[in-house]
Amino acid sequence: MTNEAKAASPAPISTTTTGEQFIYTIYIRTTAEKLFAALTQPEFTAAYWGGVTHDTTWKPGSPWALKLPDGRTADAGEVIEYDPPRRIVVSWHHQLSPELNAEGVSRCVIELEPFGESVKLTVVHSLDRHESKFLQAVSTGWPAILSSLKSLLETGEPIAPPKPVLDKK
Amino acid sequence: MDADLVFRALADPSRRLLLDRLFARNGQTLGELCEGINMTRQAVTKHLNILENANLVATRRRGRDKLHFLNPIPIHQIADRWINKYERVQLRALTNLKQALESSEGEDQ
């Protein structure tokens, strides 16, 4: 696919042979600018992600954290790339469960690509490790979050906000 | 996403087998997906294209390899369409019960 090749060409996602990754793609009828805002701004993320917000300035090299509605930090890391409205890369280290924390730092790449009257959103979450429990947990979260985001942008209503990823009490 | 494309893609047992194989191990090349499967390379390529058009499979390049990944988003959307959020816990319990009973039966035989 030429679109695929184009999207991947600036900085291909490193698919390691030693690790594991999940890829999610979803087509959303909106503009790249609106989608990018929805991915980064707290008033949007809180609406489709069950109150979760990013705590960061989005400046490359600056800290990044995912905050739960109760103020706890679910995940923390660093902004690696921030290229509106095309691409975000963060290092992502789970903080709440000691078991998942011990698996180390994952990498999350978010790409936006105009596709006709829609935008193709791709999320790649990877970790240098096999049979990662963290990625298993994340993989149950992303489809719900992205479906809710799509619904919010296309209809103005999020799907019943999914529980924050890994929010185990 | 066109729901018809998703249902048509899922209607074929060969394509469901390919999705099962990606579910078991994500990120395979065409060559890996062809191993130990009773389908020609051309047939696998054709089925992968249909799955990709339905957004059930996502691909990334790694060097010269094209890796295929199961993209569960359209299946999630099907579930969102017909499964009420309050039913999910009960459905999970029933599914687990079925799996537990059927797998222990298998061991007895």
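Before any value is quoted, one term is needed: pLDDT is the predictor's confidence in each residue, on a scale from 0 to 100. What you see is a predicted model, and the predictor assigns the complex an ipTM of 0.76 and a pTM of 0.81.

Let me take chain B. Its mean pLDDT is 88, and 94% of its residues score at least 70. Among the elements of this chain, helix H4, residues 41-53, has the highest mean, 97, whereas helix H6, residues 88-108, has the lowest, 75.

For chain A the average is 85, with 83% of the residues at 70 or above. Where is confidence lowest in chain A? It is lowest in helix H1 of chain A, residues 2-8, where the mean is 41; strand S4 of chain A, residues 73-83, has the highest, at 97. Over residues 1-16 of chain A, pLDDT stays under 50, and for this stretch the model has 17 contacts beyond four places in sequence.

I turn now to the architecture of chain B. The chain has six helices and two strands, arranged along the sequence as α-α-α-α-β-β-α-α. Its radius of gyration is 16 Å, well over the 13 Å that the globule rule gives for 109 residues, so chain B is more spread out than a compact globule. Along the principal axes, the C-alpha atoms of chain B fill a box of roughly 45 × 40 × 25 Å.

Within chain B, consider helix H2, residues 13-24, and helix H4. Their axes come within 10 Å and cross at roughly 75°. Angles from 65 to 115 degrees count as roughly perpendicular, and H2(B) and H4(B) are therefore roughly perpendicular to each other. On the H2(B) side the contact is made by B:Ser14, B:Arg15, B:Leu18 and B:Leu19, and on the H4(B) side by B:His47, B:Leu48, B:Ile50 and B:Leu51. By class, these residues of the contact are five nonpolar, two polar and one charged.

The crossing of H2(A) with H5(A) is right-handed. A:Lys34, A:Leu35 and A:Ala38 of H2(A) meet A:Leu149, A:Leu152 and A:Leu153 of H5(A). This contact has five nonpolar residues, one charged and no polar.

Helix H5 of chain A also takes part in a contact between the chains. How do the axes of H5(A), residues 133-155, and H5(B), residues 73-82, cross? They come within 9 Å and cross at roughly 70°, so H5(A) and H5(B) are roughly perpendicular. This crossing is right-handed. From H5(A) the contact involves A:Pro143, A:Ala144, A:Leu146 and A:Ser147, and from H5(B) it involves B:Ile73, B:His76, B:Gln77 and B:Asp80. Four of the residues in this contact are nonpolar, three polar and one charged.

Finally, two backbone details in chain A. The peptide bond from A:Pro84 to A:Pro85 is cis, with omega near -5°, and A:Pro85 lies in the loop between S4 and strand S5 of chain A. A:Glu131, a residue other than glycine, has a positive phi, near 50°; A:Glu131 is placed in the loop between strand S7 and H5 of chain A.

Terms used
Residues numbered from 1 in each chain as written. Chains lettered and ligands numbered in written order. Predicted model: local features only at pLDDT ≥ 70, side-chain atom pairs only at ≥ 80, totals over all residues. Helix = DSSP H or I, 4+ residues; strand = E, 2+ residues; numbered from the N terminus. Axes fitted to C-alpha atoms, helices over the stretch in contact; angles between N-to-C directions. Parallel < 35°, antiparallel > 145°, perpendicular 65-115°, else oblique. Left-handed = near helix turned anticlockwise from the far one by under 90°. Contact = placed C-beta atoms within 7 Å. Nonpolar A, V, L, I, M, F, W, Y, C, P; charged D, E, K, R; others polar. Rg over C-alpha atoms; globule rule 2.2 N^0.38 Å.
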